[in-house]
Amino acid sequence: MSVSAPPVARVMQGQRAGVVSRFLADAIDLLVIVAAVVGVYFAVSGARFLLHPRQFSWPEASALYLSTLGWILLIVYLTIGWASTGRTWGKSVLGLRVVSSRDVGLPLWRAFVRAALCALFPIGLFWSAISSRNGSVQDLLVRTTVVYDWGPKLPALQ
Amino acid sequence: MGTPNERRPVDESAASPERLGKVVPLRIAAQPPPPLEQLVEQTLRIAIGMTALASEVLAEAVARTLGREPFAEGEAPGDETARPASGVPLVAGAAIGVALEGAKWGARAATTMVRSAELFLSLLTSPGFVQEPLRQAGDRLGGFDARWREQRPRDEEAAAAFLRLLVPQVVDAALDQIDLNELVAERIELDRVIDGLDLDRVISRLDIDAIVGRIDLDRIVEHVDVAAIVERVPVDEIVSRLDLDAIVASVDLDQVVRRVDVQAVADSIDLQAIIRRLDLTAISRDIIEELDLTQLIQDAMGSMTNETVGGIRVQSMNADRAISRLRARVLGRGGGGEPAATTPAVEPVDPGAGDRGSAGSEDRP
């Protein structure tokens, strides 16, 4: 998502993002995952209806089952987003990007680890409110950084 | 016996056409009668002429019954005088001529005799003893004459009634024997009749509306081959002669439009049939291709979304900076509370420049 930045935002490009922007981006990603879980539920229901229309009934899904499904979807979603462009849809909306400490791209395994850590310990995000480097627990463990980046492409290496 | 001048005038009411129907009443001549000699001669002429005509007609009729034409081919009737008669016609003509001459001499003789008799009678009737009986006889005859005149209207009426019954039957019988079409064709010069007609006067008497009302136009139109008529019309030539600009300029279009019942026209249009004939799918596809609807929607949505997203991003940036300032104040760390006070993760990039921006990390040199 390319948005022309006003002067006040232009000077902030490349700076570490704060907790508010990151929390909003993660909230959007959470909504995406909830929508995805609902979509999967309806897709499964539709498949059951097509296979057995006479015996159709809405599938009973426990909270554990849905939570597990959502957790798996969240890991996959975050991994793909960070490993490809460095941003999920939530971070794209807020103009954020996850970059590694060595280069702009994030390897798949590091993206997967960071996604798993975020899914297991989401509250670790709020460490960025205390950290002077605006880093969450996951950033500290995987050595990543979230920066303001409104550009459509990855910033070039210096 | 009274003279014609002494006769009473004819009862006009008794002789009126309404009373007598179609029978024309006998008109009494006001002039004195011709001399007896002429009367007799004329009567004989008429009798002989009628006899001749009758014999001729009878001869023709008899010849027709035998399947023969009374006249030779190329010979018109009435041309008998053109060729000398012979045989029976000659004898018959001679007999008629003799009879006519005899009639003339007979008439002269009769006239002489009548005049002599009148002279003789006038001598006989001059004495007084004869006058009285003659006067009485005259009175008696006058009484009979008056009685006849009284009964004359009734007699004429009875005769007229009889004729009214008799004449149609006679006419019907006569017409049955006559081919009127042939008769008209032979005897009547239609051109002369038509020349004498005042057609304007005839037409002015016609009730055109009644005539048109009796015409079954639908039936006539069914027999009309409109396609053949149209094919014979040189439309191109007619159109080339028309000054369409002048015609259109002379039309009061406003008045025409006011007269048009648009609602009725719209009701008469079968929109469903028209829509069924339209290839709406192809039309829609063409329109969408022309409009590039996707690009249009993307542009519209993009401009709105960019404004909204830009606002959210700036607001969140401000909130981040506020959190940083609070953190610095609470934890006593320096740097003015700006996130930028911390080590820049990457160099500032120009969002509009795309890949022209720089990136880095805390571990970068």
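Trainee: Let's start with a spot in chain A: where is the place of A:Asn134?
Mentor: Keep in mind that this is a predicted model. A:Asn134 isn't a glycine, yet it has a positive phi of about 55 degrees. Its place is in the loop between α6 (127-130) and α7 (137-142) of chain A.

Trainee: Does A:Asn134 count as buried or exposed?
Mentor: Count the C-beta neighbours of A:Asn134 inside 10 Å, and you get 28. The cut-off for buried is 20 or more. Because A:Asn134 has 28 such neighbours, it counts as buried.

Trainee: And how does A:Arg143 count?
Mentor: A:Arg143 sits in the loop between α7 and β2 (144-148) of chain A. Its phi is positive too, near 60 degrees, and A:Arg143 is a residue other than glycine. Since A:Arg143 has 16 C-beta neighbours inside 10 Å, it counts as partly exposed.

Trainee: Stepping back, in what order do the elements of chain A run from the N terminus on?
Mentor: Chain A has seven helices and three strands. Buried residues make up 42% of its 158 residues. From the N terminus on, the elements of chain A run α-α-α-α-β-α-α-α-β-β.

Trainee: How far does helix α3 of chain A reach from its first C-alpha to its last?
Mentor: Helix α3 of chain A covers residues 63-84, which is 22 residues. At 1.5 Å a residue, 32 Å is expected. The helix comes close to that, reaching 31 Å.

Trainee: What covers the buried residues of α3(A)?
Mentor: The buried residues in α3(A) are A:Leu74, A:Ile75, A:Tyr77, A:Leu78, A:Thr79, A:Gly81 and A:Trp82. After the helix comes A:Gly86, with a positive phi near 85 degrees. The cover for those buried residues includes α2 (19-51), β1 (96-100) and α5 (108-120) of chain A.

Trainee: Which strand do five bridges join to β1(A)?
Mentor: Both faces of β1(A) are covered, with A:Leu96, A:Val98 and A:Ser100 buried on one side and A:Arg97 and A:Val99 buried on the other. A:Ser100 has A:Thr144 as its bridge partner, and A:Arg97 has A:Val147. These partners belong to the strand that runs antiparallel to β1(A) and is joined to it by five bridges, β2(A).

Trainee: How many of the residues of β2(A) are buried?
Mentor: On one side of β2(A), A:Thr144, A:Val146 and A:Tyr148 are buried, and on the other A:Thr145 and A:Val147 are. The strand is largely enclosed by the rest of the structure, because the number of its residues that are buried is five of the five.

Trainee: Which element of chain B gives two or more residues to the largest nonpolar core?
Mentor: That core has 32 residues, and A:Leu74, A:Leu78 and A:Trp82 are among those with the most contacts inside it. Chain A contributes two or more residues each from α2, α3, α4 (89-94), β1, α5 and β2.

Trainee: Over to chain B: what share of its residues count as buried?
Mentor: Its secondary structure comes to 17 helices and one strand. Chain B has 365 residues, and the share that count as buried is 5%.

Trainee: How many of the 38 residues of α3(B) are buried?
Mentor: Helix α3 of chain B, residues 88-125, should span 56 Å at 1.5 Å a residue, and its end C-alpha atoms are 52 Å apart, which agrees. The helix lies largely in the open, because the number of its residues that are buried is one.

Trainee: Where in chain B is confidence lowest?
Mentor: The mean pLDDT of chain B is 75, and helix α4 (residues 128-176) has the highest confidence, at 89. Over residues 334-365 of chain B the pLDDT is below 50, though this stretch has 105 contacts in the model beyond near neighbours in sequence. Where pLDDT is low, the predicted coordinates should not be read in detail. Confidence is lowest, at a mean of 36, in strand β1 (residues 358-359) of chain B.

Definitions and conventions
Residues numbered from 1 in each chain as written. Chains lettered and ligands numbered in written order. Predicted model: local features only at pLDDT ≥ 70, side-chain atom pairs only at ≥ 80, totals over all residues. Helix = DSSP H or I, 4+ residues; strand = E, 2+ residues; numbered from the N terminus. Expected span 1.5 Å × (residues − 1). Buried ≥ 20, exposed ≤ 12 C-beta atoms within 10 Å, placed from the backbone. Contact = placed C-beta atoms within 7 Å. pLDDT = per-residue confidence, 0-100. Core = buried A, V, L, I, M, F, W, Y, C linked by C-beta atoms within 7 Å. Pairing = 2+ DSSP bridges.
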